[in-house]
Amino acid sequence: MDLKIVVYSKSACPQCDAAKMLLKSRSLAFEEIRIDDEAQRLAFYEKCGPSVRQMPQIFVNDQRVGGVAGLQAALAQLAG
């Protein structure tokens with residue numbers, strides 16, 4: 001099963017690191033896009049939706065699953 005996983009992250013973000021560690025622990029390839037500029041990050045949040053205000057934002061096969069909890073739920077669904 002080929003998954004296209006993209007992790008949008010920022011520097012010094014424990015949640016971002018946790019998401020990347022989870023993916024690495026499952027040997028899942030992912031692309032990381034770091035958005036450290038605050039203006040760019042705010043514009044990115046606007047594109048994601050009105051309730052999005054934090055990093056990381058993770059997309060699996062072009063669908064936003066959210067942060068670490070969303071990623072865990074998505075991986076559990078895919079495994080099941």
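Okay, let's start in the sheet: S1 and S2 run parallel to each other, and four bridges join them. One place to look is Val 6, which sits opposite Glu 31 in S2. Keep in mind that this is a predicted model.

On that sheet you'll find H1, which packs against it and touches S1, S2 and S3. The direction of H1 makes about 160° with that of S1.

Now zoom out a bit. The sheet is open, has four strands, and reads S2-S1-S3-S4 with mixed pairing. Which strands are at the edges? Those are S2 and S4 (63-66), each pairing on one side only. Going from one strand to the next, the twist averages 25°.

As background, most residues other than glycine have a negative phi, and most peptide bonds are trans.

So where do we see positive phi here? Ala 12 has phi near 55°, and it belongs to the loop between S1 (5-9) and H1 (14-25). Is Ala 12 buried or exposed? It's exposed, because its relative accessible area is 81%, and the cut-off for that label is over 50%.

Then there's Ser 27, again not a glycine, with a positive phi of about 55°. Ser 27 lies in the loop between H1 and S2 (31-34). Ser 27 is exposed too, with a relative accessible area of 68%.

Last one: which peptide bond is cis? The bond from Met 55 to Pro 56, with omega near 0°. Pro 56 is in the loop that runs between H2 (38-48) and S3 (57-60).

Notes: Residues are numbered from 1 along each chain as its sequence is written. This is a predicted model: local features need pLDDT of at least 70, side-chain atom pairs count only at pLDDT 80 or more; totals for chains, interfaces and linings use all residues. Side-chain values use heavy atoms; hydrogens and water are left out. Helices (H or I, at least four residues) and strands (E, at least two) are DSSP runs, numbered from the N terminus. Buried means under 20% relative accessible area, exposed over 50%, partly exposed in between (1.4 Å probe, protein chains only). Two strands pair if DSSP finds at least two bridges between them. Axes are lines fitted to C-alpha atoms, for helices over the stretch in contact, and angles run from 0 to 180 degrees between N-to-C directions. Contact means heavy atoms within 4.5 Å.
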